[in-house]
Amino acid sequence: MDCYHIWCDLKESHKDLEFAESVRVYMSYLVANGLIEGYRLTRRKLGFGPQELGEFHIIIETKNMAQLEETFQGAAARRGEFEEVHSAVYRSVKNARFALYRDFPDAVRTEAD
């Protein structure tokens, strides 16, 4: 499983519930269309954590890089329903940071002799 991480702040912090709903709609669209396996939205609690990572954290799980690339291609096309649900999220964030992690050890890893 590959985990794509997004950390961000909101342009308008009072719209936190609107943002959460936009993330839910977008991620549900991706799951329903087989573009991701799952997701999680979290918010920093009590100010704990590095400030440069932002207040919100979205974790997107994909089977592999091919599935993630297909998702990126859909977002890059900026068309139709995909763009509608995607833009509702990205237009409300600032200071976005990204990372890609994988389960470890993964299925292809074998022990050295």
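Partly exposed means a relative accessible area between the buried limit of under 20% and the exposed limit of over 50%. By that rule R24 is partly exposed, at 38%. The model described here is predicted. The whole structure holds five salt bridges and zero disulfides.

**Cysteines**
- C3 takes part in no disulfide, and the nearest cysteine sulfur, that of C8, is 17 Å away.
- The sulfur of C8 is too far from the one in C3 for a bond, because 17 Å separates them and a disulfide needs the two sulfur atoms within 2.5 Å.
- C3 is buried, with a relative accessible area of 13%.
- C8 is also buried, at 2% relative accessibility.

- E21 and R24 form a salt bridge in which the closest N and O atoms are 2.6 Å apart.
- The two residues lie three apart in helix α1 (residues 16-32), so about one helical turn separates E21 from R24.
- E21 is partly exposed, with 39% relative accessibility.

**Salt bridge between E12 and K15**
- The side chains of E12 and K15 form a salt bridge with an N to O distance of 3.6 Å.
- E12 has a relative accessible area of 39% and is partly exposed.
- K15 is partly exposed at 32%.

- R43 and E55 form a salt bridge, with the closest N and O atoms 2.7 Å apart.
- This pair links distant parts of the chain, twelve residues apart: R43 belongs to strand β2 (residues 38-43), and E55 to the loop between β2 and β3 (56-62).
- R43 is partly exposed at 39% relative accessibility, and E55 is partly exposed at 25%.
- A network of salt bridges links D16, R43 and E55.

Note on methods: Residues are numbered from 1 along each chain as its sequence is written. This is a predicted model: local features need pLDDT of at least 70, side-chain atom pairs count only at pLDDT 80 or more; totals for chains, interfaces and linings use all residues. Side-chain values use heavy atoms; hydrogens and water are left out. Buried means under 20% relative accessible area, exposed over 50%, partly exposed in between (1.4 Å probe, protein chains only). A salt bridge is a side-chain nitrogen of Lys or Arg within 4 Å of a carboxyl oxygen of Asp or Glu. Helices (H or I, at least four residues) and strands (E, at least two) are DSSP runs, numbered from the N terminus.
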